[in-house]
Amino acid sequence: MESTSLPSESTDPLNMPPDAHAVQLLERVAKLEASLSDLHFILATGQTGSNGESLRIKALHQINDYLEPRIKNLNAPLLAVVGGSTGAGKSTLVNSLLGDRISRSGAVRPTTRTPVLAVNPADEPWFANERILPELSRLKGAGYSEGHGMERHDALLVVPHANVPRGLAILDAPDIDSVSDDNRALAGQLLNAADLWIFVTTANRYADAIPWEVLTEAGTREITVCVILNRVPAGAETDIVPDLERLLSAKNLDPKLLHVINEVELDDQQMIPGERIEPISAWLNSLAADATERQRIAEQTLEGAIKRLQNDVRTLGEQAEDQDLQLQSLAKIATERFDFTLGKTTEALKDGSLLRGEILARWQDFVGAGELLRGIEGVVGRIRDRVGSFFSGKPPATHRVEEAIESGLHTVLVGEITNAFHDVDRSWRNTPIGIQLLSSLPADRPPKDLESRAADTIRAWQKDVLEMIRSEGAGKRKTARIAAFGVNGVAVALMVVVFASTAGVTGLELGIAGGSAVVGQKLLEAIFGEDAVRRMATRARTMLEARTQELIDENLAVYQQEIDAHLQPEIVQELLNQKHPLRGEGHKA
């Protein structure tokens with residue numbers, strides 16, 4: 001190729017401000033970029049039902065590598081990326097077009113590791129900085145002969161060369177089907193940053209699936225693609241070319257841009273003889289010299305890239321929405337299971353089951369239950385007389401009853417919460433997202449401090465009851481009676497009533513456990529009155545349920561916080577509501 005001159009465009013085209021339409025478009029693209037940067041997917045690429053993260057990265061690269069720089073200046077030199085399959089002869093073609101070995105070629109695969117960008121020296125400022133492909137650091141040199149950075153996947157080797165026509169830069173990319181994951185990913189990124197493609201294939205591999213996946217993408221995006229059919233045996237083009245032209249037309253690619261290079265011996269510099277590549281060189285030179293055609297290609301590629309980005313963004317929004325729905329389903333599982341835990345705990349408070357065993361024994365010891373329970377079948381006056389006898393004696397010890405109450409409640413709380421953790425874990429393991437979330441949770445579920453936290457919860461409730469007794473016992477008469485029996489004793493009696501039944505249910509209806517409770521209830525009624533006792537029992541039960549709810553919520557939060565960290569409804573709606581950025585804008589250079 002020969003260097004060509006460009007029409008005078010600007011004394012400082014790099015710093016020309018974008019027009020008003022471009023500014024509006026850049027603002028919208030920047031907002032979209034921010035949303036995509038905040039978007040995240042739980043499942044890694046390749047896991048069941050997920051390619052969201054790879055698509056998100058692709059969309060961000062499309063914005064940073066191509067859209068933003070091209071929107072800012074449609075008159076910037078075109079970037080032609082040379083891509084294709086392994087061994088198709090991409091680097092050999094680039095070297096042959098320039099008449100110089102700037103890119104490594106050979107039989108050992110992969111050859112091109114660090115992409116090589118050939119630019120006219122006058123155009124070097126357009127590519128020496130991070131205007132395009134900002135994630136790739138710039139290396140400078142004369143190319144392969146200096147061996148700069150040939151193992152770098154995070155760099156771009158910029159080679160100024162006089163034989164590159166001004167207005168056009170040529171980038172030799174890694175193989176699209178390379179054995180190296182890094183090479184394949186980089187090849188895709190570079191092709192998405194291109195204004196036009198020079199796609200190299202061979203007579204033996206032109207119908208391979210992987211190249212056509214890439215070419216199908218190019219047709220969807222309306223990219224200008226010049227296909228080079230390389231190493232065609234003499235006479236074979238008669239059969240191959242019509243078939244390839246048909247395939248190109250079917251993919252919305254221009255078959256007139258197909259060039260054939262017959263199988264030839266390379267010269268001493270491992271280059272294709274000049275006469276074989278002259279048609280390709282002439283097309284590139286004419287394109288570089290035609291500012292109008294270059295701008296048309298840039299506009300066409302830009303429009304296609306934006307349309308494709310819009311589709312990708314919509315897909316990302318749908319995938320993120322589906323992820324949010326799955327997260328909400330997992331949250332519902334956890335919430336309902338821990339709500340069930342509260343229900344089970346409350347049921348244990350109301351059905352009298354807590355008064356079986358140790359609590360009942362300690363309470364009976366406390367009130368002399370054997371004698372008093374026989375008196376329950378007598379008249380109310382006799383029971384009140386017996387209860388009243390408590391006020392004349394020494395206040396009995398209550399700590400054993402309190403300990404039994406604490407132990408009974410503790411067993412219920414710890415057991416039910418532990419079961420909830422196990423059940424939620426089991427349910428979450430049925431989904432890929434649930435498995436991933438569980439791997440991020442604390443290993444100890446339930447937490448090691450559950451028993452101590454449950455004990456703290458019960459003691460806090462017991463303190464609540466004591467405070468209520470003191471508050472309700474204001475007044476000389478009540479204070480005297482409470483003092484005679486002991487604040488703790490009165491509080492214990494109220495706790496037993498809470499455990500035995502709802503307010504108003506008699507001991508005769510609840511059997512032995514209820515009989516124990518009615519003793520405490522009559523004691524409380526003698527101090528506070530029947531209505532006050534009913535109200536106090538309800539309030540004490542409510543306070544216990546509230547304390548229990550706090551403990552349950554605290555443990556549910558282990559799951560809920562993980563869910564909340566991944567929910568992103570605002571971003572989802574923003575992506576789903578995206579409008580086509582160029583629609584109605586009339587953006588022209």
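**Group meeting: a walk through the model**

Let's start with one residue. Gln62 is buried, with a relative accessible area of 5%. The cut-off for buried is under 20%, so Gln62 counts as buried. Keep in mind that this is a predicted model.

Where does Gln62 sit? Gln62 is in helix 2, residues 52-72. What does Gln62 touch, leaving aside its neighbours within four places in sequence? The contacts are Leu67, Asn192, Arg221 and Ala305.

Now the whole protein. The protein has 589 residues, and 52% of them are buried. There are 20 helices and 8 strands. Next, contacts between residues at least 6 apart in sequence. Of these, 80% join residues at least 24 apart.

On to helix 1. Helix 1 covers residues 20-38, which is 19 residues. From first C-alpha to last, helix 1 reaches 28 Å. At 1.5 Å a residue, 27 Å is expected, so the two values are close. Which residue caps the N-terminal end of helix 1? Asp19 does. A side-chain oxygen of Asp19 lies 3.2 Å from the backbone nitrogen of His21.

Helix 1 also has buried residues, including Ala22, Leu25, Leu26, Val29, Leu32 and Leu36. Here is a rule to remember. An α-helix has 3.6 residues a turn, so residues three or four places apart point the same way. Glu33 and Ser35 are on the buried list of helix 1 too.

Let's zoom in on strand 2, residues 116-119. Val116 stands opposite Leu157 in strand 4. Leu117 has Val158 as its bridge partner in strand 4.

Now strand 5, residues 168-172. Strand 2 pairs with strand 5 in the antiparallel sense, over 3 bridges. There, the bridge partner of Leu117 is Leu171.

Last point: side chains. In a regular strand they alternate between the two faces of the sheet. In strand 2, Val116 and Ala118 point one way. Leu117 and Val119 point the other way. Are these residues buried or exposed? All four are buried.

Terms used: Residues numbered from 1 in each chain as written. Predicted model: local features only at pLDDT ≥ 70, side-chain atom pairs only at ≥ 80, totals over all residues. Heavy atoms only, no water. Helix = DSSP H or I, 4+ residues; strand = E, 2+ residues; numbered from the N terminus. Buried < 20%, exposed > 50% of the residue type's maximum accessible area, 1.4 Å probe, protein only. Contact = heavy atoms within 4.5 Å. Polar contact = N/O pair within 3.5 Å; in protein donor to acceptor, adjacent residues only side chain to side chain. Pairing = 2+ DSSP bridges.
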